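Me: Pick one contact in this model and take me through it up close. Then carry on from there to whatever else deserves a look.

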Amino acid sequence: MDQLYEFDREPVSSDKWQTGARFAGLFAGEHVAATEFVIGAFFVLHGVSFHDLLLGLLLGNLLAVLSWTFICAPIATQTRLTLYWYLRKIAGPGLNFIYSLANAFLYCILAGAMIAVSATALGLAFGIAIPSLDDVFPSSLGWVCLTMAIGIIFTVLAILGFEKLSRFAQVCSPWIFLLFIAGALAVLPRLGVHADFSNFLSVAKTKIWNGVAAEGQEKFGLAHVLFFAWFCNLAMHIGLSDMALFRYAKRWIYGFYSAFGMYLGHFLAWICSGIMVASIGREMHPGLMAFEAVGLAGATGVFLAGWTTANPTLYRAGLALQVITPNWPRWKVTLSAGLLTTALSCFPVIFMRLLDYVAIYGLVLMPIGAIVLAEHWIFPLLGIEQYQAQKMKRFFNLKAMIVWIGTLVVCVFMPFHLYFRWLPGYILALISYVLLHIKSDEKRSQQEYSKEIL
Amino acid sequence: MRNAILSTLAGIGLLSCIAAPILFFMGKIGETDYKNAFLVASIVWFLFATLRIFGKRKG
């Protein structure tokens, strides 16, 4: 990670470009995370049918891979800059500040969800009950103490040895993936699957993804699964956060390596956690789910998955905060991010409503991706001057701010499900940003023409 | 040489992690045996993979 952010204010030099295999490993490791234990299980609770799940995940993940390949990677390999630095050229340091603040806060919530997942595993050892599906606030003192303790430990360890932890995460990553496979395989007999797999399809359709939503849960169909798989990492591909990774790619085509993360993590791991949750009577309890399926190693795996994925998320939150507090040392920034994360992790709503949170996270940052895309690709095509904020030394690109806030306001009032709002919102942001520039360019040309005549 | 040995041992641990649930699913071993085997195989993987990864940087 440190190496990834080595060139934080300058294009990555060609001697630092990485091979495709590196990207395959990076994506495979990053997308088999603690949250996978929750997301796949939630599809079962939301009554997704087997057919809708398979088709939705296949297509949604394909769209995600294509978004990385055709939207994020080309801009990254052309500019060789992080989004933070490229956005500064486009939107000015003022808007970059606000974006970084929003990003840091959203990362902290995500890391908080990972701490909560770890807490479900450790809570088993202390007999601490986990909150129920509709809990917003902490339901017991035990849960608060547990998440606080885990959050503080994760933060201290991140401060003391982030780099060593990152290397330890490399050890954990393939094992955690196997834990998903092993857990799913081991609970199949309990669900009634024969050793020759002959009745697997019928069990999958009737006992796992049977199309019946759990009490109080909304019913999901093909479109929900497809859109969720696509926008699950919206901030990273369409939102362009992963420019930080792809600026090290030799070629933009390396975006296709994201398929290793999508089809191992967001396809196989989600299917496996769905099977595991069905075996414990559809209870949203990742720790118990893994313990029942794999024993002590399973519960340990859930704890480690939370730890090793909260660690880089804390680091990313710290990096975003560093834009706001440039003179702070790394430990101070990580401590701030860690304390905020720890406080947030107590609230079960961030973990029990993880799917909605993921949707909101992508939605909030998506307009920035549209603004950068418009500036990078559409402006040269239409003859609009690029990087006006930088050239005119503007602290704040007001048009970008109007588009960002305006798009979010429109998205709030869109008359359809939260999951489907980002796409029309993205198109709206793209068009409105271009139109605002065309209008202001026309106005400026008219003013210049009037001056010439006078 | 040291890395090759550590990689092989770690690989055996990881393969055993997947072999145990397969054997349980096929009914060849019981649930307790499968869970114990997975735990031991996991310890083997973590021990040798950690030694390999942390040793490599020093060398």
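Reply: Start where H11(A) meets H12(A): Leu314(A), Tyr315(A), Ala317(A), Gly318(A), Leu321(A) and Gln322(A) on the H11(A) side touch Arg330(A), Val333(A), Ser336(A), Ala337(A), Gly338(A) and Thr341(A) on the H12(A) side. Contact here means heavy atoms within 4.5 Å. By class, that contact has 6 nonpolar, 5 polar and 1 charged residues, where Ala, Val, Leu, Ile, Met, Phe, Trp, Tyr, Cys and Pro count as nonpolar, Asp, Glu, Lys and Arg as charged, and the others, Gly among them, as polar.

This is a predicted model, so local features need pLDDT of at least 70 and side-chain atom pairs pLDDT 80 or more, while totals for chains, interfaces and linings use all residues. For bookkeeping, residues are numbered from 1 along each chain as its sequence is written, chains are lettered from A and ligands numbered from 1 in the order written, and side-chain values use heavy atoms, leaving out hydrogens and water.

Back to the pair. H11 spans residues 296–324 of chain A and H12 spans residues 330–345; their axes come within 8 Å and cross at roughly 115°. The axes are lines fitted to C-alpha atoms, for helices over the stretch in contact, with angles from 0 to 180 degrees between N-to-C directions. Helices are DSSP runs (H or I, at least four residues), numbered from the N terminus along with strands (E, at least two). The crossing is right-handed, that is, the near helix is turned clockwise from the far one by less than a right angle.

Now step to Gly295(A), which follows H10(A) and has a positive phi near 80°. H10(A) itself is largely enclosed by the rest of the structure, because 7 of its 9 residues are buried. Those are Pro286(A), Gly287(A), Leu288(A), Met289(A), Ala290(A), Ala293(A) and Val294(A). Buried means under 20% relative accessible area, exposed over 50%, and partly exposed in between (1.4 Å probe, protein chains only).

Go to the loop between H9 (258–279) and H10 (286–294) of chain A and you find Arg282(A), a non-glycine with a positive phi of about 60°. Phe197(A) is another non-glycine with a positive phi, about 65°. Phe197(A) lies in the loop between H5 (141–191) and H6 (200–208) of chain A and counts as partly exposed at 41% relative accessibility.

Leaving out residues up to four places away in sequence, Phe246(A) touches, among others, Phe23(A), Phe27(A), Trp68(A) and Tyr254(A).

Cys17(B) is buried at 0% relative accessibility, whereas Cys145(A) is partly exposed at 45%.
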